[in-house]
Amino acid sequence: MKRRDFLIGSASAITLLALTACTPAPPSPTPTPTRTPAPPLPTGVPQPIRLQRSNWGTDPFARGAFSYPRVDNTDEQRVQLRRSLDDRLFFAGEATASDFPGTVQGAQGSGVRAALDISDVAERGERIAVIGAGIAGLTAARALRESGFDVVVVEARDRLGGRIQSMVDDHWPVPVELGPLFLSDSSSMLAGQLALAGVGTQPFARTPEVRTGAGTVVGPSDTGSKALASAGEWASGHEPDSSVAEALTESGVAAALGTEPDANGVAPIDWLGHELTTVLQPAAGASADLVSAQQLDPLLARAASMTEIVTGSAQGLGGLISSLADGLDVLVGSPVATIMWDDTGVSLRLAHGESLRTDRVLVTIPLGVLQQDTTLFEPALPSWKLDAIGELGMGTVDTVWLQFDEAFWATDATMLSTIGPVIASEDGTTPPTTASDEPSGALPDATPVPEPERSPIAYWTNLSPLTGSPVLVGTIAAEFAAELGALSDEEFSARVLAALAPFAPGAGAP
């Protein structure tokens, strides 16, 4: 049975995910005692002069990039997550936000809300500890200090910003944003803070270019986006909730897509896989078999609203962090080991042995950390709070920044992606695909090349048209973020550069 026939005939959501979206199995890396030589660069892809990567999944103070709605999630989990305990423990952070969770403005709004909640029950002059110097914690700390409270911010890292991390280096044409690069223009509060901090943004025109693994330009096509929207619409009228992958199969949406490849080896069903890879997974940081289908529409709407790019500022988004932190009492390099609370106050025991006594505490520890270390609290958190922590999803999205001597990609498109597998031969060249009834990009069995591999890069953001400099920013999401996050810098570089083969000079030529 051909792979396409099996995909359409299967009722398994995981099969849909694995075969349509080509999502790899969760990695289980094991150490190797010997170094494997790095594979050669694909023909036409030069060595970058600089590379910078994020790795939020392995960051002990993040354990992921942002929250996402799992199957059966509603806003109730976020409401419970932000509920205070005995007016002593308060909670903020992007995961607690009902509006724009998983975003900078959602985190900022949660800090404002938490400061108001504390102000309603606390006496002026009380000592308030804020755990976490990300945007939620700093926003709340500044508001509380301006309201007359004695505020101390306790930060585990030796830097400020949390999951906002701007690397300023004169060798890069713009600050390297290892956290959010795009913002929504829908928050006047965030826009005002950015303006006060001198952080510039500008509209970013997302002009897509899609190529096959052999480098042929194809599309554009709205087949995938329409299929995903149809699955979400179907799920909104069906109970119980299902995953996006289940909704695609059970609604019949996936089965209705054509499986016959065109002359470039691309079939309508492939565009659904492309949509899952380039849109859904970066929006959630998770795969289609984990994301709530009933929450699909607001998730994608939030992602589509990120139309402003952070550019032109000396410190990037780090300028916003510096502005918020100005004048605050911040203890950096101070991980919290235990949060002990009762009806008289809160005591923080820090990892290096010191203790801090305050009247109340605002916890902005990321969801991913709370999920892995709920023993921080004495007494333990109540079951309803633990349920909210455990039921929400924590997704992972990483970025890799590459700077070259000159742009080798012959396009002014700003969003570059591939459909189907990227096929590279042992010498780094990319052989052409042939139209057949095999999966897009497959080669005849007699062709002596390695198995095709889907690109680990969801899409490349081409900054050349905006900055005039040859810089590409790759977005890595879901399982690929975990897989690549476990690699050494050398192995990581080889994987991401191989993904650029379809955009090399001569790729796609007849």
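Which residues in α6 meet which residues in α11? Keep that question for the third stop; the tour starts with the whole chain.

**Whole chain**

This is a predicted model, in which local features need pLDDT of at least 70 and side-chain atom pairs count only at pLDDT 80 or more, while totals for chains, interfaces and linings use all residues. Residues are numbered from 1 along each chain as its sequence is written, and side-chain values use heavy atoms, with hydrogens and water left out.

Show the chain as a cartoon. There are 16 helices and 25 strands, taken as DSSP runs numbered from the N terminus (helices: H or I, at least four residues; strands: E, at least two). Of the 510 residues, 53% are buried. Buried means under 20% relative accessible area, exposed means over 50%, and partly exposed lies in between (1.4 Å probe, protein chains only). Among contacts (heavy atoms within 4.5 Å) between residues at least 6 apart in sequence, 75% join residues at least 24 apart.

**Stop 1: the largest nonpolar core**

A nonpolar core is a set of buried Ala, Val, Leu, Ile, Met, Phe, Trp, Tyr and Cys residues joined through side-chain atoms within 4.5 Å. Select Ile135, Leu138, Leu317, Leu320 and Leu362: of the 33 residues in the largest core, these touch the most other members. At least two residues of this core come from each of α4 (104-121), β4 (127-131), α5 (135-146), β5 (150-154), α6 (188-197) and α11 (318-325). The biggest contribution is that of α5, with six residues.

Now centre on Leu362. Not counting residues up to four places away in sequence, Leu362 touches Phe90, Phe91, Ala92, Ala114, Ile118, Ala129, Val130, Ile131 and Ala140.

**Stop 2: α4 against α6**

Select α4 and α6. Their axes come within 10 Å and cross at roughly 95°. Axes here are lines fitted to C-alpha atoms, for helices over the stretch in contact, and angles run from 0 to 180 degrees between N-to-C directions. The two helices are therefore roughly perpendicular to each other; angles of 65 to 115 degrees count as such, under 35 as roughly parallel, over 145 as roughly antiparallel and the rest as oblique.

On the α4 side, the contact is made by Val104, Gln105, Gln108, Gly109 and Val112, and on the α6 side by Met189, Leu190 and Gln193. These residues divide into four nonpolar, four polar and no charged. Ala, Val, Leu, Ile, Met, Phe, Trp, Tyr, Cys and Pro count as nonpolar, Asp, Glu, Lys and Arg as charged, and the others, Gly among them, as polar.

**Stop 3: α6 against α11**

The opening question is answered here: Leu190, Gln193, Leu194 and Ala197 of α6 meet Gly319, Leu320, Ser323 and Leu324 of α11. By class, this contact has five nonpolar, three polar and no charged residues.

**Stop 4: helix α3**

Select residues 75-82, which form α3, and colour Gln77, Arg78, Gln80 and Leu81, which are buried. Looking down the axis of α3, the buried residues fall within an arc of 160°, so they line one face of the helix; the arc is that of the directions from the helix axis to the C-beta atoms. They pack against β2 (66-68), β3 (89-91), α12 (367-372) and α13 (383-391).

In the loop between α3 and β3, pick Asp87. Asp87 has a positive phi of about 55° although it is not a glycine, and is partly exposed, with a relative accessible area of 34%.

**Stop 5: Leu296**

Leu296 is in α10 (residues 296-304) and is buried, with a relative accessible area of 1%. Leaving aside neighbours within four places in sequence, Leu296 is in contact with Leu228, Gly232, Val244 and Leu280.

**Stop 6: backbone exceptions**

Most residues other than glycine have a negative phi, and most peptide bonds are trans. Go to Pro220, in the loop between β11 (217-218) and α7 (223-236): the peptide bond from Gly219 to Pro220 is cis, with omega near 5°. Then move to Pro240, in the loop between α7 and α8 (244-250). The bond from Glu239 to Pro240 is cis, with omega near -5°.

Finish at Ala478, in the loop between β25 (471-477) and α15 (479-485). Ala478 has a positive phi of about 60° without being a glycine, and is buried, with a relative accessible area of 7%.
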